Amino acid sequence: MIASFTDTFNIDKNTFDRTGAYDPVIGVDSRLFVDPALLELSQAPEFDKARQEVESYFGIIIRLVRDLECQGDRRWRKAEKLLTFTEIRGTSLGYCGDGNAGSGIGPRLRKSILESIGILIDCGIENPTVFELLGVFEEGVGSDRISDLITHILRKRIAGYTERVSRKLGYTSSTMQYEGHLVPRHPARDEPILLLPRDILSPLPIATGMEDIDWVCAVNERVRSVINQYFPWDEQKIRLSKAEIKKLMLEHPEFAAGMIETYSTIPRHAYDFVADDTGEASWYRNGQSLARRNPLDLSMVDRCNPMDVARAVCKQFKHLVEDNGAWRLLFNEDESKPRTERYAQNLFLAISSTYCLANDVDIDVSPEPNSGNGPVDFKLSRGRMRKCLVELKMSSSGQLRHCVDEQIPSYLQAEGTNHSIYLLVQTGNEKRVESFVAYYQGLSPSTRKSIELIVVDARPKKSASKR
């Protein structure tokens, strides 16, 4: 089962929120990131001058690369060491669905980064801020890796923040030493749970906006002048790949300087966790609240059978969405655009976990177990032998057939089970759904028995007063 930090340790949610900390869902990595551009805005005393510490760290790497004699020498190895890290356990951030530490930056990527930095130095660019833009121009570097590097640099501050907030909350459960501080211990593993201030987190770091090269051109003359040598910027929308941006940065110092200048002048605003436009921070409470307001009695099914439990929960999810107005949770505030597939998956996860917990069902609901062929969305299991997989897809996905032809069968084989439910959430795309349902009905009886299709109509409904 999944649970937030506050639910796991019975901490009052309102009291916790007043600390300014983010309440992580243990066992599910959030797609929130530590944004280096927000560090200087943090009200947490542990993060005072944290931005300067990060820039100082990057500055050391730049000086090492600037002064090295050749690749592989002492300075090169030291610079490599500063870029060698793994995702620190316990922050519940990033893309690692099974709770294990990530891979950090491998040897090839480190080499590519240091070579790029070396060329920029030769062009006169020695601003440490360029490291914060790696996700814009360096293949293989995304928001998660930048965030992992930042948390690696600031891990002692994070540990100190966690200890202070935990003490303020009166946390008295199991603890452990981490980076010289006493922090909460994970309830199921010998690893820490680390808390982070909300004001340094963002669903998409500010640097990601630099990928919108049209906007950068519009506000920075140096960038626009270089772009205009190769693309008619004033006449059409420009789409540049990371490789193209990197080429321009390495070949045109004025372009690189313009990118850094633009990034440095972007207004910094902390993410609004109350509005939570992405739903990244609200899916757990939304799903939990929805399930509690609409109880599900599982006493009529075999509560030891994962397939029976999964089918009952999926049908209840369908009922909530189609008949109780829960479709609104699957759309943005003005109901004009569906939320992401990930949000729908997490919402279902919160709902199913809440129902199983309320019914005292001895079924483990696990998000994204990785069986070697990629992650399935959910696995409901009882022991090693009794399992049911649930795959949720939005109707906007272009992988509807591929999922039933390739993905789910490979998951079933890897997990050693013949039971699965394909939960198709329709937010539009009527013709695509009709075509897929017709295709599914033409599959063999044995396939349809092992992959049960449930279509959930989540298309916006007009209220009776507006009809």
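Let's start with helix α14, residues 306–323. Its 18 residues should span 26 Å at 1.5 Å a residue, and the end C-alpha atoms are 25 Å apart, which agrees. The expected span here is 1.5 Å times one less than the number of residues. When I say helix, I mean a DSSP run of H or I with at least four residues, and a strand is a run of E with at least two, both numbered from the N terminus.

Before going on, please keep in mind that this is a predicted model: local features need pLDDT of at least 70, side-chain atom pairs count only at pLDDT 80 or more, and totals for chains, interfaces and linings use all residues. Residues are numbered from 1 along each chain as its sequence is written, and side-chain values use heavy atoms, with hydrogens and water left out.

Back to α14. At its N-terminal end sits a cap, Asn305, with a side-chain oxygen 2.9 Å from the backbone nitrogen of Met307. After the helix comes Gly325, with a positive phi near 80°. The buried residues of α14 include Met307, Val313, Phe317 and Leu320; buried means under 20% relative accessible area, exposed over 50%, and partly exposed in between, with a 1.4 Å probe and protein chains only. What do the buried residues of α14 pack against? They pack against helices α13 and α15, and against strands β8, β9, β10 and β11. Contact, by the way, means heavy atoms within 4.5 Å.

That brings us to the sheet. It is open, has five strands in the order β7-β8-β9-β10-β11, and its pairing is mixed. Two strands pair if DSSP finds at least two bridges between them. At the edges are β7 and β11, each pairing on one side only, and the twist from one strand to the next averages 20°. β10 and β11 run parallel, with seven bridges; Leu424, for instance, has Val455 in β11 as its bridge partner. Helix α17, residues 430–441, packs on the sheet too, touching β10 and β11, and its direction makes about 155° with that of β11. Angles run from 0 to 180 degrees between N-to-C directions, and axes are lines fitted to C-alpha atoms, for helices over the stretch in contact. Is β11 mostly covered or mostly open? Mostly covered: five of its seven residues are buried. Another helix, α16, lies across β8, β9, β10 and β11, at about 160° to β9.

Now look at the loop between α16 and β10, where you will find Thr417. Thr417 counts as buried because its relative accessibility is 7%. Its side chain reaches the backbone oxygen of Lys387 at 3.0 Å. Leaving aside residues up to four places away in sequence, Thr417 touches Lys387, Leu389 and Leu412.

Let's move to a pair of helices elsewhere in the chain. Helix α5, residues 107–122, packs with helix α11, residues 242–251, at an angle of about 35°, with the axes 8 Å apart. From α5, the contact uses Ser112, Ser116, Ile119 and Leu120; from α11, Lys246, Met249 and Leu250.

Last stop, helix α8, residues 155–168. Its 14 residues reach 20 Å from first C-alpha to last, close to the 20 Å expected. Among its buried residues are Arg157, Tyr161 and Glu163. The buried residues of α8 pack against α3, α7, β4 and β5. Just after α8, Gly170 has a positive phi of about 75°.

Note on methods:
Polar contact = N/O pair within 3.5 Å; in protein donor to acceptor, adjacent residues only side chain to side chain.
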